[in-house]
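Trainee: Hi! Could you walk me through this one? I'd like to start with a single residue and then zoom out.

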Amino acid sequence: MSSEQRKAFPFSDFEPKWQDVWEAKKAFRTPNPGDADFDASKPKYFVLDMFPYPSGAGLHVGHPEGYTATDIIGRFKKMSGFNVLHPMGWDAFGLPAEQYAIKTGQHPRATTEKNIEGFRGQLKRLGFAYDWDREVNTTDPGYFKWTQWIFLKLYNSYVNDAGKARPIAELEGQGLSREEIDSRRLAFVSSAPVNWCPELGTVLANEEIVDGKSEVGGFPVERRPMRQWMLRITSFAQRLIDELDGLDWPESIKLLQRNWIGRSEGAHVKFQIVGHESDVTVFTTRPDTLFGATYMVFAPEHALVDQITTPEHAAAVEAYRKVVGSKSDLERTELAKEKSGVFTGAYAINPVNNEQIPIWIADYVLMGYGTGAIMAVPAHDARDFEFAQMFALPVKQVVQPPEGKEWQGFTDHGTAINSGFLDGLTTPDAKQKIIAFLEEKSLGKGTTNFKLRDWLFSRQRYWGEPFPIVWEDGSHRSIPESELPLQPPTLEDFKPTGTPEPPLSKATDWVRYSATATRELNTMPQWAGSCWYYLRYCDAQNSKRFVSEEAEKYWMGGGKPGGVDLYVGGTEHAVLHLLYARFWHKVLFDLGYVSTPEPFQRLVNQGLIMGEDGQKMSKSRGNVVNPDDVVKEYGADSLRLYEMFMGPLEQVKPWSMKGVEGVYRFLARVWRLVMEVSEEGVWSLSPALQDVPANKQVTKALHETIKKCGEDIEKLSFNTAISQMMICTKTFIAEEVMPASAIVTFLKVLSPFAPHIADDLNARIATKFPALAVQGLLSDATWPKYDPAALIEDEVEVVFQVNGKLRDKARVPIQATKEEIEKIALASARVQEFMEGKTPKKIIVVPGKLVNIVV
RNA sequence: GCCGCUGUGGUGAAAUGGUAAACACAGCAGACUUAAAAUCUGCUGGAGGGCAACCUCCUUGCCGGUUCGAGUCCGGCCAGCGGCACCA
């Protein structure tokens with residue numbers, strides 16, 4: 001026997017066949033408002049996947065997990081009368097694509113094209129209902145034209161006092177200088193220290209650094225000052241926190257974002273430096289402990305260090321700064337087990353008690369947070385305490401902890417002591433009072449600080465969007481919109497230079513913009529294209545605008561804060577893509593280009609699929625499952641169904657090939673409801689299939705399945721929906737005659753999960769019972785309605801408990817009253833036995849469920 | 001260290017505060033078969049009792065609470081996973 005014939009059902013024949021039919025018919029084309037076949041009376045549903053990075057390795061089994069979930073939802077919503085937007089595209093710029101190209105000695109454009117083709121083919125073989133006319137590719141000039149256009153919107157905007165992005169022209173009207181205007185742009189040039197990764201030959205954003213190493217490749221990262229493009233995401237910090245509230249996102253992801261943005265409330269306090277004109281401002285979340293400040297610490301890079309250091313300490317300070325400067329972030333934070341620092345010889349004056357306190361420099365104070373200087377309160381801060389112990393600095397108690405707690409190193413709330421006018425106040429009250437005092441005396445003020453840094457937006461790479469910017473006489477300006485898209489130059493050698501000089505510098509012709517102006521040489525990071533791709537899906541072919549107003553209003557509208565109705569993807573983008581996209585969306589919203597303040601209303605994270613060994617899938621462990629192999633062996637429907645049956649979508653779960661066989665057997669049973677095989681291995685319609693009404697059991701099972709599957713799909717509870725379909729199939733199997741119309745209804749319910757087998761069986765049934773089957777595709781059919789009457793039984797099983805323990809059961813008529821059920825329960829011999837002749841204290845009757853007799 | 005999530009059979013898991021373990025995998029037994037595969041049927045949390053049908057007790061990480069009734073709600077612990085981390 002050939003392996004073809006041994007298949008339990010001929011999926012390898014009909015799966016490609018139906019994929020071809022769907023493609024030829026454009027079965028999943030979604031008309032836009034304005035199209036002839038657009039039905040404006042239907043509500044919209046925009047269901048989005050995180051579009052893949054088309055790597056050379058091809059799809060892994062994690063991709064179809066989220067994609068199948070959205071496909072089921074999309075197909076279900078379409079059958080339920082929605083206009084469904086369910087698109088797919090490619091996030092194809094970025095480091096890995098370029099590294100892969102370098103490794104294989106090809107141009108990234110060529111490898112990207114090839115990888116996309118591979119991915120597209122794999123996705124089509126899984127039968128996803130995408131509207132391929134809306135496919136987007138971030139590396140397509142027709143796409144990145146608009147990425148560059150949005151960058152120009154950022155470049156030409158600022159944030160006003162109300163916290164809204166506005167056109168920069170408003171500032172020009174106010175007569176501000178060029179420098180003042182440049183310093184307020186949302187896309188601006190900065191020379192602050194950045195994360196430079198020598199191995200990758202590029203700078204990286206904070207979000208791309210994990211444990212002091214590059215997220216891609218795990219290479220060391222060092223800080224060095226470089227002239228770079230930044231995006232002013234910090235101006236949106238508060239809104240990015242506040243506007244999470246209206247979103248249906250997992251709390252854990254909201255929390256991740258809130259923590260990353262890292263809002264903390266406190267105060268700025270000004271300290272006078274002894275013998276100097278200048279003062280220094282510190283940020284503290286505990287202004288109530290100001291009386292306990294016994295020394296001060298500056299970050300080694302602090303600008304005032306040179307001015308205040310006394311001659312006798314200059315050598316030590318210089319030496320220390322040199323040591324710190326050579327350390328990577330990793331060495332400075334992760335690996336620093338002990339505090340270090342040196343005294344500058346200078347003193348500051350504590351504004352509340354005029355005490356002179358020494359100023360030290362130490363690398364535990366970071367230049368990038370707050371003001372780069374702190375007041376040290378060793379009694380009530382763990383780090384200051386450790387430092388004070390090490391260098392024998394004084395420790396002064398100013399907070400009285402609750403009874404039984406040691407004051408040294410006590411960092412929680414308590415009562416102020418040794419703090420003059422604050423004594424006796426609780427920590428929150430003391431904070432309020434000291435802030436009022438500082439503000440009144442102009443010594444400081446209440447402030448909110450954020451951990452979030454501005455987004456470092458330029459990369460020294462070839463494979464990214466070039467900036468639509470030129471430089472002339474040391475200043476930058478945008479190129480006209482009419483010159484977009486700005487294509488990258490054709491380069492034979494696009495490898496990183498190994499220095500901060502971007503590879504685009506090698507394109508000497510391209511670089512020269514005019515006799516006096518040259519192009520910006522950096523490119524945008526990978527995240528740029530993914531910040532707005534969901535908008536492009538709404539109107540992917542538009543060459544006049546990034547998305548038409550009409551299409552944006554329809555697909556992104558709907559009266560909720562977020563436009564996309566459901567967004568499914570991995571949790572790894574919690575503080576990268578999801579934060580960046582929200583930021584861009586808010587800018588576009590403020591400027592009037594989009595109609596909602598948030599991009600994604602409902603977010604769901606699918607859980608990671610582990611290898612059969614319970615470990616994360618990786619090539620080195622050899623536990624990677626290739627979806628192509630699964631499709632070949634068991635078919636696309638089996639793969640889809642298995643990935644949904646494994647367990648809850650959001651949960652981490654291990655792969656099991658035996659589990660795939662389980663759902664495969666289920667599909668084979670469904671197949672044999674309708675089909676039978678001859679001795680020669682030829683399949684034909686089973687004679688058991690007849691035009692007869694379904695009996696009571698079958699009707700009940702079928703309507704329970706319609707109800708449960710519909711409800712479970714809405715809840716994304718696919719595993720329980722599938723188990724219900726398995727139960728229903730068993731009920732069918734027990735029958736001698738298969739009622740054709742009931743089978744067709746069942747196939748409609750199955751079709752979002754396993755669309756190939758469902759369409760195939762329906763078409764086969766249609767050959768014999770044209771009036772009973774769906775004419776055409778099941779995806780164009782209407783989701784069946786369940787009949788509540790069909791679910792009701794004449795009798796239900798009621799459980800009898802004595803003192804909460806199950807003692808007996810009985811079937812009682814559905815319409816039995818509480819009193820009647822109670823009577824039946826009390827009459828039960830077993831119930832009486834366990835009551836031991838005692839009188840019931842209390843009897844609880846839950847009709848249709850149970851009786852609990854308390855004695 | 002801080003924050004979050006998760007702990008249920010041999011395994012993946014299910015269970016609006018109401019029969020714990022549905023559905024599936026694995027295992028065992030049987031039917032069909034010359035045989036195997038495939039398919040179908042039955043059994044399958046633990047301990048104890050009974051010739052048997054069956055019966056009793058225990059069981060959702062641990063301890064306590066609320067409740068007629070807790071896997072589910074509340075408090076305290078423990079373990080695993082994930083995130084953040086010298087952020088003043």
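Mentor: Happy to! Met 644 lies in helix 22, which covers residues 636-645. Helices here are DSSP runs of H or I with at least four residues, strands are runs of E with at least two, and both are numbered from the N terminus. This is a predicted model, where local features need pLDDT of at least 70 and side-chain atom pairs count only at pLDDT 80 or more, while totals for chains, interfaces and linings use all residues. Residues are numbered from 1 along each chain as its sequence is written, chains are lettered from A and ligands numbered from 1 in the order in which they are written, and side-chain values use heavy atoms, with hydrogens and water left out.

Trainee: Good to know. Is Met 644 buried or exposed?

Mentor: Met 644 is buried, with a relative accessible area of 2%. Buried means under 20% relative accessible area, exposed means over 50%, and partly exposed is in between, using a 1.4 Å probe and protein chains only.

Trainee: And which residues does Met 644 touch?

Mentor: Leaving out residues up to four places away in sequence, Met 644 touches Glu 65, Thr 68, Ala 69, Ile 72, Leu 649, Phe 718, Asn 719 and Ile 722. A contact means heavy atoms within 4.5 Å.

Trainee: How far is Met 644 from Trp 229?

Mentor: Their C-alpha atoms are 43 Å apart in space, and the two residues are 415 apart in sequence.

Trainee: OK, zooming out. How many helices and strands does chain A have?

Mentor: Chain A has 30 helices and 40 strands. Its C-alpha atoms fill a box of roughly 100 × 90 × 55 Å along the principal axes. Of the 855 residues in chain A, 53% count as buried.

Trainee: What about contacts along the whole chain?

Mentor: Take the contacts in chain A between residues at least 6 apart in sequence: 71% of them join residues at least 24 apart.

Trainee: How is chain A divided up?

Mentor: There are domain 1 (3-34 + 44-137 + 531-610), domain 2 (149-242 + 454-527), domain 3 (263-450), domain 4 (683-787) and domain 5 (793-854). Those bounds come from an automatic or database domain assignment. The C-alpha centres of domain 1 and domain 5 lie 55 Å apart.

Trainee: Switching topic: how many positive and negative side chains are there?

Mentor: Chain A has 97 positive and 112 negative ones, and the centres of the two sets lie 2 Å apart. Lys and Arg count as positive and Asp and Glu as negative, while His and the chain ends are not counted. Each charge is placed at NZ of Lys, CZ of Arg, CG of Asp or CD of Glu.

Trainee: And how many disulfides does the structure hold?

Mentor: The structure holds 0 disulfides. Take Cys 538, which is in no disulfide: the nearest cysteine sulfur, that of Cys 531, is 16 Å away. A disulfide is a pair of cysteine sulfur atoms within 2.5 Å. Cys 538 counts as buried, at 0% relative accessibility.

Trainee: Let's do backbone geometry. Which peptide bond is cis?

Mentor: The one from Leu 484 to Pro 485 is cis, with omega near -5°. Pro 485 sits in the loop between strand 25 (475-478) and helix 16 (508-511). For background, most peptide bonds are trans, and most residues other than glycine have a negative phi.

Trainee: So what is the phi of Asn 354?

Mentor: Asn 354 has a positive phi of about 60°, although it is not a glycine. Asn 354 is in the loop between strand 17 (341-349) and strand 18 (356-362), and counts as exposed at 58% relative accessibility.

Trainee: And Asn 418?

Mentor: Asn 418 has a positive phi of about 50°. Its place is the loop between strand 21 (415-416) and helix 15 (427-440). At 43% relative accessibility, Asn 418 counts as partly exposed.

Trainee: Last one: how many residues of helix 26 are buried?

Mentor: In helix 26 (residues 740-750), 10 of the 11 residues are buried. Among them are Ile 743, Phe 746 and Lys 748.
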